Amino acid sequence: KEANKDLDYDVLIIGAGLSGLYSLHRIRQLGLRVKVLEAGEAEGGTWFWNRYPGARFDSESYSYIFSFSQELLDEWDWTEHFSPQPETLKYIQYFTKKFDLKNDIQFDTRIKSAHFQTSSNSWLLTDENGRTYSSRYIITAMGILNQPTLPVIEGVHDFKGQAWHTARWPADHSALEGKRVGIIGTGATAIQTIQEIYKMCGTLTVFQRTPNWTAPLRNTKITPEEMADIRRRYPTIFQQCLESYSCFIHVTDSRKTTDLPREELIAHWEELFQQPGFAKVLSVSSDVAFDREANKLYSEFHANKIRARINDPVLAEKLIPKNHGFGTRRVPLESGYYEAFNEPHVKLVDLHETPIERITEKGIKTSDQEHEFDVLIYATGFDAVTGSFGAVDFQGVGGQKLKETWSNGIQTFLGLTVKDFPNMFMIMGPHQMFGNIPRSIEYAVDWVADFIEYARDNNVQCIQPTQEKMDGWYKHVEKLGEGLLANEVDSWMTGVNKNLATKQKRSLTRYNGPAPGYRKECDAVKARNYSDFVMS
Ligand code: NA7
């Protein structure tokens, strides 16, 4: 088919993380003119920006990568069961080189606006330097956790020492050597960071607002023999991911917690507890996620595990969550996190007892004292999922702003498209299947690439879902989330970030059902030749 010569590109992709890189590879295969616009100076997305000490996969390395290329699987050796960030970044660089992707990526290009041009059924993107780019389609590949948020605390810019967010870690890791360090936050990032940096800090003070449930990661090196075995098992591994609830290799126990004799139950949990990775979270009975009694029992099992590791029983109670059950927020996996608190130079400040009043020139003033630091670390999370969309001025048909469209509740069809924002496809958009992210990315990108191919072959120039389809999708997502204890709790997964200027009410940010169900819905739309969409 004739290319759209009056447009710069057929497809523009925002972001060069895993989503953007794989999108580029697939769109190129269609022979279309495509460009990736990336804010950073190099590829990698999440794994480029998050280089804090201790950053690593919580999922088995060999299940949390691209599966589409047998050659890539044959060539790449993982050295640890849970890959550290530097190795993951090297893998992404290797992938980029192998598929010769760099020629079509423009780095240091932060997109500020994306406006749909109704007259030409195209998008016009503008970067922060005022340069413009036009294309028929855009693919947003901006990641779900890419807008770091600083805490809303008075004086946050007053501190005279060094301060940074974990997603903006300075290149020199030795900056903490022997220093007095304060860290705010106890989420997955903070836990990975704390258990690593306490070994180098002079003193480390952890400011905790909400303790989190955790489980041991149990990472080990992968021997060459193990890697050979993993390689043989790749087809089984990916098949297992395909069939499981959220695409991980761990399979949910089909028995009900409350049906099992107590002794048998505890023996089963003990056995799970010894396993590496998310087994402790994903291989328990599913009623732990829905049933308060089952959840309470399992939470108490984990509370006792924490108590056994902390020397000071009063401190142990502070580190045990009291207001939410196990698995109702993302469970960080740890390696020696609790042992850090047994060290005399590591101190926990429970912000419920002594809240932060302000940040000062010297450190943090809590209700009882001023804590002085050389370095302050903000492990305070992200404006998740929709934050990356809010950072760009997306305007659809008639200048309608996406931010405003979503201000009364997120609406999408399949988590991939939005009415009045034609020819825009979202990879890892809200209400899409998250879980094992690379598995979700591969599926979503393939689906989008197939749709663009269909549109090209059928001379379609404008694609968008109807309001009815978006309403139906929302109802479907909502129904799947019914009774999930996680949806009663504040977290980035329920769209709550207390550091945002506009307070959000709890809302569903992800598809709550099983991954095979998600794929079934999207496959059916494709099988109907995309007739669920308005195409012109
Ligand atoms: P999270 O999970 O959002 O954690 C942020 C942490 O920072 C959490 O403990 C927050 O406490 C804390 N926080 C945020 N603002 C404040 C203020 N103002 N005062 C005190 N404490 C604060 O982000 P992460 O980066 O750890 O993890 C994000 C995802 O990355 C994770 O789920 C993995 O999938 C990878 P709160 O719980 O809100 O009380």
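Of the 22 residues around the ligand, those that come nearest are Pro 151, Gly 185, Gly 187, Thr 189 and Gly 381, where a residue is near a molecule if its C-beta atom, placed from the backbone, lies within 6 Å of it. The model is predicted, and local features need pLDDT of at least 70, side-chain atom pairs count only at pLDDT 80 or more, and totals for chains, interfaces and linings use all residues. Residues are numbered from 1 along each chain as its sequence is written. The most is given to the shell around the ligand by helix H5 (residues 188-197), with three residues; helices (H or I, at least four residues) and strands (E, at least two) are DSSP runs, numbered from the N terminus. By class, the shell comprises eleven nonpolar, eight polar and three charged residues, with Ala, Val, Leu, Ile, Met, Phe, Trp, Tyr, Cys and Pro counted as nonpolar, Asp, Glu, Lys and Arg as charged, and the others, Gly among them, as polar.

An open sheet is formed by three strands in the order E13-E14-E15, with antiparallel pairing, two strands being paired if DSSP finds at least two bridges between them. Strands E13 (356-359) and E15 (370-372) stand at the edges, each with a single partner strand, so one side of each is left without a neighbour in the sheet. E13 is joined to strand E14 (residues 363-366) by three bridges, and the two run antiparallel; Arg 358 has Lys 365 in E14 as its bridge partner.

Gln 240 lies in helix H6 (residues 224-243). This residue counts as partly exposed because it has 16 C-beta neighbours inside 10 Å, given that a residue is buried if 20 or more other C-beta atoms, placed from the backbone, lie within 10 Å of its own, exposed if 12 or fewer, and partly exposed in between. The C-alpha atoms of Gln 240 and Lys 419, which are 179 residues apart along the chain, are separated by 35 Å.
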